[in-house]
Structures are given as structure tokens and as C-alpha cells.
Amino acid sequence: MEIVVCVKPVPDAETRLRAASDGRTLDSEGVKFVLAGYDESAVEQALLLKEAVPGSKVHVVAYGPAPRTEEVLRSAIALGADLATWVDAGAERWADPIRAARALAAAIATVPHDLVLCGKHSGDDEAGLVAAALGELLSVPDFSCAVDLRWDAAQGHFQFRRPVERGTETWTAPLPCVVGLQQAWNDPRTAKLPAILKSRKATIARTAASSPAPSPSVTPERFELPPPRTGAKLIEYRTPEEAAQKLVHLLREEAKVFP
Amino acid sequence: MPDFSLTAEQESLRDLARRFARTEMAPHAAECDRTGRFPEEIYRKAFGLGLMNLNVPTEYGGSGLGVVDQCLIVEELAHACGGMTTSVIANCLALEPILLGGTAEQKHRLLTPFCAEYHLASFCLTEPSGGSDAGGLTTRARRDGDHYVLDGEKCFITNAPHASLYTVFATVDPGARHRGITAFVVPRSAEGVVPGKDEEKMGHRASSTSTVRFEGVRVPATDRLGADGEGFPLAMRTLDQTRTPIGALATGIAQAALDHAAAYALKRVTFGKPIAEHQAIQIKLANMAQAVRAARLLTWHAAWSIDHGAKGTLESSIAKCFASDAALRVADEAIQTFGGYGYMKEYPVEKLLRDAKLTQIYEGANEIQRTVIARELLQLYA
């Protein structure tokens with residue numbers, strides 16, 4: 001089975017974020033970009049399928065600028081992906097989701113793909129549009145918020161679940177299709193040191209994003225950080241009883257949430 | 001100009017170690033410190049990720065890293081727990097004599113099966129009668145046909161109760177002092193190998209330390225490293241290679257102490273403002289930051305020198321000695337920054353002081369490091 005996984009470099013959760021001088025985008029200077037969250041779960045899903053279906057290949061594809069995009073592709077290779085394609089976004093600092101999906105779809109269309117996986121949304125912008133747009137652009141069915149995708153060889157279709165309020169839906173999907181995955185349901189593996197070293201030497205196919213996309217469908221207007229939080233109070237205590245007494249006192253006298 | 005930036009490969013190794021340290025080691029550090037439990041499950045995971053036999057070439061199943069790369073990993077691990085890090089890197093010390101003194105046949109025979117699975121090895125040099133005076137060791141090795149028979153006792157041996165392999169330094173001629181010392185590789189399964197009980201230690205309590213007695217242990221001559229009498233220089237060359245990562249281990253402890261102190265200083269309020277705004281605390285933090293950076297840079301320099309072919313005796317002794325002294329000082333100042341809370345076991349900084357203390361003692365006490373530094377230094381002026 002030919003499994004394509006779309007991944008996106010996103011700022012590490014511990015990064016201190018700043019607005020760029022244009023005031024509209026993230027200042028990427030000094031920001032560490034990682035393969036994170038939903039995409040890790042998508043890669044893990046692909047690797048689980050590869051292990052379950054002999055002869056499968058996992059091909060990671062990412063759209064974005066250097067060097068961060070190449071780095072997250074190497075992270076995916078270290079985890080076990082077989083092939084990687086970097087769709088070079090050139091100097092573009094921010095791509096709207098549809099533009100990113102077009103670039104990814106153009107690359108995916110040229111390679112074998114029985115299944116296209118991605119995080120249900122990215123770890124930074126959380127637009128959640130790429131999976132659906134890929135389905136449209138590749139003219140295949142698309143699903144989102146999936147977990148636990150399996151290949152049913154006897155029936156010739158995929159089966160997956162969707163956690164919903166107070167229950168779980170079970171779905172089947174034909175081949176090929178696009179599936180957006182939930183985060184952290186499959187305990188993504190950690191790349192091993194030898195695989196990390198090997199991934200540094202792996203070949204990453206690079207393609208330029210095909211013809212400049214039509215004018216962006218959306219543009220960011222402003223990038224602002226939330227105002228710093230104030231008013232937090234650290235309660236110091238020696239016993240839990242003392243902590244509770246002080247907390248109740250503050251809630252009653254200062255926050256006035258109790259009469 | 002020197003270039004202090006890390007390669008993308010080094011960054012990814014450091015990320016791996018940092019992630020492992022934070023997710024697997026740190027959550028258990030306080031518990032293992034309190035109980036003295038040897039968290040073998042963590043060490044097995046470290047092995048599984050390739051974080052254990054860092055210095056062993058890949059052709060024998062190790063990770064094949066240079067000393068700079070080892071230091072990057074060791075510092076990250078030690079940030080989470082110095083004791084666990086000691087146990088994780090003990091194989092590097094124990095296997096280094098085989099790497100330096102073993103024949104190609106011995107390396108293949110001894111290292112390949114060892115590194116293929118989770119195994120621990122211990123470096124057995126120190127004896128109850130003296131650690132720093134390694135030339136005066138008394139464990140005997142008597143030749144008997146195509147075997148040697150080992151008799152004696154080693155002490156303060158890291159991982160000894162759990163190890164399956166020991167590199168042992170014994171003398172074939174006590175009268176010859178260091179010229180009689182010979183190195184052997186001894187499996188735990190050999191008859192007469194008796195590890196002692198786990199010692200109760202001040203720090204590094206997640207690590208395991210005990211004596212090992214050798215009671216008439218028969219070792220095939222094929223498991224001798226080098227020739228009779230070549231053991232002492234082999235031990236010294238081994239320590240030249242492994243001393244620098246101890247500088248990194250100390251740096252990791254020091255960085256953790258600074259991180260805790262700075263975070264606490266920003267939160268803790270006295271006289272109406274965070275203590276980080278009091279000059280007395282700022283001076284502490286500034287001094288701690290200097291010590292941490294100097295320790296790291298000396299460690300990187302020693303590691304870089306060795307990776308570029310230097311013997312590294314002077315550089316690694318300076319790095320280990322400075323970084324371990326710095327770790328103790330920084331941990332001490334971290335406790336002072338926390339005040340009374342710093343003295344409480346509920347807070348993480350008093351453990352750092354206890355863990356830092358050992359780095360001044362093991363892999364060559366700092367008094368010996370200073371002797372070595374002076375000797376090497378004076379040669380430059382003689």
C-alpha cells in the first residue's frame with residue numbers, strides 16, 4: 001500500500017512567539033520548528049498500517065520554506081518513513097490553507113497514493129482545511145477526526161473510528177481517500193538515535209511549488225500575542241489546611257466569588 | 001574564529017536526549033532519589049533508543065558518537081537526573097578499555113553480542129584500599145596455563161549488581177606497581193564473581209553501586225586486553241576519553257539548578273516584589289549563569305579537542321574539575337535562592353547539591369585532576 005502523509009513544520013510548543021516586523025505573521029527568527037502533535041499521530045498511523053500491510057511504503061510530503069520543512073521531513077524519516085518530498089515554498093512566509101493544499105495535491109498527484117493521511121489540523125494555525133481541500137483537489141473522498149485506521153483486506157476498504165460526543169462512530173472508506181487524524185490516540189513512537197543519524201543522510205526529493213497560486217484566498221491582517229496575564233497570586237503554605245484557608249480567604253475577600 | 005553552533009544532526013541528537021530526559025527520566029527522579037530504586041525500565045528504554053552505548057562504533061552495535069555528541073546527550077540527561085545518567089553512561093566507561101585495548105577479534109566477540117541487547121557493564125578499577133592510588137591496586141591475576149586466576153575486591157563500582165560484564169584491572173606483579181597492572185574482561189557468569197550489596201549513597205541514588213569480589217575467577221587469556229602490564233596506561237587512556245562527559249553531566253546538574261533558581265526567583269515575592277528584582281539574588285543568578293556557561297564551554301572544548309585527535313588529558317581534566325566544582329557551587333546557590341524551601345526535600349534543588357557532590361569525586365577525584373592539570377601544565381613550561 002502506498003501511504004502518503006502530509007506534515008507541516010510548526011513552532012515548538014516551548015518557543016517564545018513574537019510578531020514579525022510586518023505585524024501580520026509570526027517572526028520565525030530563532031523559532032524551533034518541529035513535527036508536532038497531529039502530524040506525529042498521522043505518521044504513527046501510517047507506520048502502523050505499513051507494519052500491518054506487508055509491502056507498504058510511507059511517503060511524507062511537506063510544503064514550506066527551508067530549512068524547517070526539510071527538518072520535519074527528516075524527523076518523519078527518522079520515525080520510519082521511506083520517502084520524502086519537500087514542496088519548496090520559496091520565500092513565502094505564510095501560506096493560506098488552500099494554497100498549501102494545492103501545492104501538496106500537485107505533488108501527491110505525481111506519486112502513487114492509495115491513502116493520504118494528515119493531521120486533522122495543524123498544530124499552529126488549526127485551520128483544519130487541508131484534508132478536505134486535498135480530497136477535492138485529488139477527487140477522492142475525505143474524512144476527518146479519525147482514529148485507529150485499519151485496512152480490511154477481505155472487504156477491500158479502510159475502517160476507522162471517530163470519537164464523538166458520548167460515543168464512537170465506525171466508518172469505512174474506499175481506496176484511495178484522504179483522512180485527517182486526531183492527535184495523541186496512538187502514542188507516537190520516538191525516533192531512535194541510529195535512525196536519526198541515518199535520516200540526516202536520506203535523500204529528500206525537492207520540487208518547487210507549481211505555478212504561483214492565484215491571489216491568496218485569505219490574508220492574515222494582524223498577529224498579536226495575548227496580553228500578559230496579571231493578578232496571579234502564589235499561595236505559600238505549609239499544610240494543605242493552611243493552603244485551603246488562604247485560598248478561601250482570597251476567594252471571599254478579594255475575588256468576592258463567595259458572599 | 002571558533003564556531004559554537006551545533007549542526008542540525010547534533011540538534012536532533014540533543015532533542016532526542018531532552019525529550020527522553022523530560023518524559024521518561026524527570027517524572028521518576030524524585031521517587032528514585034527518595035527510595036534508592038534502580039529504575040531498570042528507564043535504562044532499558046534508554047538502550048532501546050540508542051542512548052546507552054554512545055561511544056561504541058556502529059559496526060559493533062553502538063551509537064558511534066564522538067565526544068562532543070556524547071556531551072550534548074549527557075548534559076540533557078543529567079538535567080533530569082544525575083544518578084540515572086551515571087547508570088546510563090556507565091557502559092561507555094566500562095567498554096572503552098575494550099575499544100582502546102582490544103583486538104579486532106575481541107571487539108567483535110565481546111562487544112557485538114553485548115550491544116545487541118540491553119546489558120550493563122562495569123568498570124572495575126577502584127579498590128577499598130584506595131581509589132586515587134590506582135597504581136597500588138592489589139587484585140591479583142595469576143597465570144595458570146592458558147588462563148588467569150583473579151582474586152581481590154573492587155569497590156564503588158557503578159551498576160555492579162546489575163552488570164553482566166566487568167572490565168577488571170588486576171596486577172600480575174604487585175611489586176611492579178602500575179607496571180604490573182593488566183586488564184581483563186570478565187563475564188558476571190564466571191564462577192567466583194560476587195557483586196556486593198547496593199550501597200546507600202548521599203546522591204545519585206537512582207544509580208547502583210557496590211563492591212565486586214573476584215574469588216579465584218578463571219579468565220581465559222584470550223579475554224586479557226593488551227599484554228601483561230599494559231593495564232595502567234589503558235585505564236588512564238580510558239579515563240582521558242570518558243572524563244569529559246562527566247563535565248557534561250555536571251553541567252547538566254548546574255543548568256538544572258540555575259533553571260530552578262531563576263524560575264523560583266521570578267515567582268517568589270518578598271518586600272513587595274519578586275526576589276529576582278532584588279540585587280542580592282540577581283548577583284547570585286549572574287554568577288550561576290557564568291559558572292554554567294564556563295563549565296559547558298570548557299567541556300565542549302575538551303570534547304572537540306579529543307574529537308580532533310588530541311590526547312585530551314589536560315583539557316578533559318580542566319573540564320571535569322571545573323564543571324564539577326561549578327555544579328556544586330551553583331546547586332548550593334540554588335538552595336540559597338530558595339531559602340528554607342531549598343532545604344526541604346519537597347523541592348528539587350537539594351537533590352542537585354547531593355548529586356553534584358559525586359561529580360567532584362568519581363572518575364578521578366578533583367584533587368587528582370588538579371595534580372594532572374599541574375603536571376601537564378608544567379610540562380608546557382619546562
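How many salt bridges does the rule find across the interface of chain B and chain A? Four. Keep in mind that this is a predicted model.

Let me start with that interface. Chain B puts 19 residues into the contact, and chain A puts in 15 residues. The area buried between the two chains is about 1500 Å². Carbon and sulfur atoms give 54% of that area. On the chain B side, E9(B), R19(B) and L49(B) lose the most area to chain A. Together they account for 28% of what that side buries.

Now the polar side of the contact. R22(B) pairs with E14(A) in a salt bridge, with the closest N and O atoms 2.6 Å apart. Between chain B and chain A, five residue pairs are in polar contact, both partners at pLDDT 80 or more. Helix α1 of chain B, residues 8–35, supplies the largest share of the side that touches chain A: eight residues. By class, that side of chain B has nine nonpolar, four polar and six charged residues.

Next, the core. The largest nonpolar core has 130 residues. Which of them touch the most other members? V5(A), L150(B) and V186(B). Helix α6 of chain B, residues 231–267, gives the largest share of this core, 12 residues. Take V186(B).

Over all chains, the structure holds 40 salt bridges. One of them joins D88(A) and R206(A), 2.8 Å from N to O. This pair links distant parts of the chain, 118 residues apart: D88(A) sits in strand β5 and R206(A) in strand β11 of chain A. Is D88(A) buried or exposed? Buried, because its relative accessibility is 13%, and the cut-off is under 20%. R206(A) is exposed, at 54%.

Two pairs in chain B are local. E40(B) and R44(B) form a salt bridge at 3.1 Å. They are four residues apart in helix α2, so about one helical turn separates them. E40(B) is partly exposed at 27%, and R44(B) is partly exposed at 44%.

R109(B) and E105(B) meet at 2.6 Å, N to O, in a salt bridge. They too lie four residues apart, in helix α5, about one helical turn. R109(B) is partly exposed at 33%, and E105(B) is partly exposed at 44%. Last item: salt bridges with shared partners join K8(A), D124(A) and D125(A) into one network.

Methods. Residues numbered from 1 in each chain as written. Chains lettered and ligands numbered in written order. Predicted model: local features only at pLDDT ≥ 70, side-chain atom pairs only at ≥ 80, totals over all residues. Heavy atoms only, no water. Contact = heavy atoms within 4.5 Å. Buried area = accessible area lost by both parts, 1.4 Å probe. Salt bridge = Lys/Arg side-chain N within 4 Å of Asp/Glu carboxyl O. Polar contact = N/O pair within 3.5 Å; in protein donor to acceptor, adjacent residues only side chain to side chain. Helix = DSSP H or I, 4+ residues; strand = E, 2+ residues; numbered from the N terminus. Nonpolar A, V, L, I, M, F, W, Y, C, P; charged D, E, K, R; others polar. Core = buried A, V, L, I, M, F, W, Y, C linked by side-chain atoms within 4.5 Å. Buried < 20%, exposed > 50% of the residue type's maximum accessible area, 1.4 Å probe, protein only.
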